Amino acid sequence: MNWRLLAAAFGVCVGLVTACSEDAMADLTIFSAVQGQVTNGGQPVAGATIERTWRWMWKKEDGADSVITAADGSFAFPAIARRSLFGGLIPHEPFVEQTMLIRFQGQTFKAWMLDKRNYDTNGELDGQPIRLICRLEAPFQRHGRVSGICEIR
């Protein structure tokens, strides 16, 4: 076997992978940034805990974070994004289970439930930023593809 030829071929392969890998790395938005406000009977709810969870099927990754509402009931989450070489190269159906729960005074409210099927920033709402008003007295219902007590502003 010609070891020089094999070494040269290996070097070319490593070079191609190295050169292409940065360009092929895909930026994948798992959960877009969220801004919202929690109210009860028209009054802002301070001190409620908003728990955000996601399950990314491609990488079998579960994640969670939480925030506390401010005095005016407002809350915000940053976007959750990942980079993936194979996620950008291998065709697959994106699938991310997204959930947000509001915990306040011993009660739990289902605020947001969505199965995200793309990796686009603001892809949950077809390009519209996620801005919510969450009324604790509202019934759990469907708002387009999203279910929960929160309405899209």
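**Briefing: contacts, core and side-chain pairs in a predicted chain**

Among contacts in the protein chain between residues at least 6 apart in sequence, 61% join residues at least 24 apart, where contact means heavy atoms within 4.5 Å. This is a predicted model, in which local features need pLDDT of at least 70 and side-chain atom pairs count only at pLDDT 80 or more, while totals for chains, interfaces and linings use all residues. Residues are numbered from 1 along each chain as its sequence is written, and side-chain values use heavy atoms, with hydrogens and water left out.

**Overall make-up**

- The secondary structure of the protein chain comes to two helices and 13 strands, taken as DSSP runs (helices H or I, at least four residues; strands E, at least two) and numbered from the N terminus.
- Of the 153 residues in the protein chain, 37% are buried; buried means under 20% relative accessible area, exposed over 50%, and partly exposed in between, with a 1.4 Å probe and protein chains only.
- The protein chain exposes about 8,900 Å², of which carbon and sulfur atoms supply 56%; accessible areas come from the Shrake-Rupley method with a 1.4 Å probe, and for residues only the protein chains shown count as cover.

**Nonpolar core**

- The largest nonpolar core has 32 residues, and those with the most contacts inside it are Met 100, Ile 102 and Trp 112; such a core is a set of buried Ala, Val, Leu, Ile, Met, Phe, Trp, Tyr and Cys residues joined through side-chain atoms within 4.5 Å.
- At least two residues of this core come from each of β1 (26-31), β2 (34-40), β4, β6, β8 (96-104), β9 and β10.
- Once its neighbours within four places in sequence are left aside, Ile 102 is in contact with residues including Val 38, Ile 50, Phe 109, Cys 134, Leu 136 and Ile 149.

**Aromatic rings**

- The structure holds two aromatic pairs, counted when rings of Phe, Tyr and Trp (its six-membered ring) have their centres within 6.5 Å, with planes under 30 degrees apart taken as stacked, over 60 as edge-to-face and the rest as tilted.
- Trp 56 and Tyr 119 form an edge-to-face pair, at 6.1 Å centre to centre and 85 degrees between the planes; this pair links distant parts of the chain, with Trp 56 in strand β4 (residues 49-56) and Tyr 119 in the loop between β9 (107-116) and β10 (130-135), 63 residues apart.
- Both Trp 56 and Tyr 119 are buried.
- The ring centres of Phe 75 and Phe 77 are 6.2 Å apart and their planes stand at 70 degrees, so this pair is edge-to-face; Phe 75 counts as buried at 6% relative accessibility, and Phe 77 counts as buried at 4%.
- Phe 77 lies in strand β6 (residues 74-77) and, leaving aside neighbours within four places in sequence, is in contact with residues including Ala 33, Val 34, Ile 50, Arg 52 and Met 100.
- The charged end of Arg 52 sits over the ring of Phe 31, 4.9 Å from its centre, and Lys 110 lies over the face of Phe 140, at 5.9 Å from the ring centre; a charge sits over a ring if NZ of Lys or CZ of Arg is within 6 Å of the ring centre and within 35 degrees of the ring normal.

**Salt bridges**

- Side chains of opposite charge can pair when their charged atoms come close.
- The count comes to nine salt bridges, each a side-chain nitrogen of Lys or Arg within 4 Å of a carboxyl oxygen of Asp or Glu.
- Arg 103 and Glu 51 meet in a salt bridge at 2.9 Å, N to O, which links distant parts of the chain, with Arg 103 in strand β8 and Glu 51 in strand β4, 52 residues apart.
- Arg 103 is partly exposed, with a relative accessible area of 34%, and Glu 51 is partly exposed, with a relative accessible area of 24%.
- Arg 82 and Glu 61 form a salt bridge at 2.7 Å, N to O, with Arg 82 in strand β7 (residues 80-84) and Glu 61 in strand β5 (residues 61-68), 21 residues apart.
- Lys 116 and Glu 124 also meet in a salt bridge, at 3.6 Å, N to O, and both Lys 116 and Glu 124 are buried.

**Backbone angles in loops**

- Gln 105, in the loop between β8 and β9, has a positive phi of about 50 degrees although it is not a glycine, and Gln 105 is exposed, with a relative accessible area of 67%.
- Asn 122, in the loop between β9 and β10, has a positive phi of about 60 degrees although it is not a glycine, and Asn 122 counts as buried at 17% relative accessibility.
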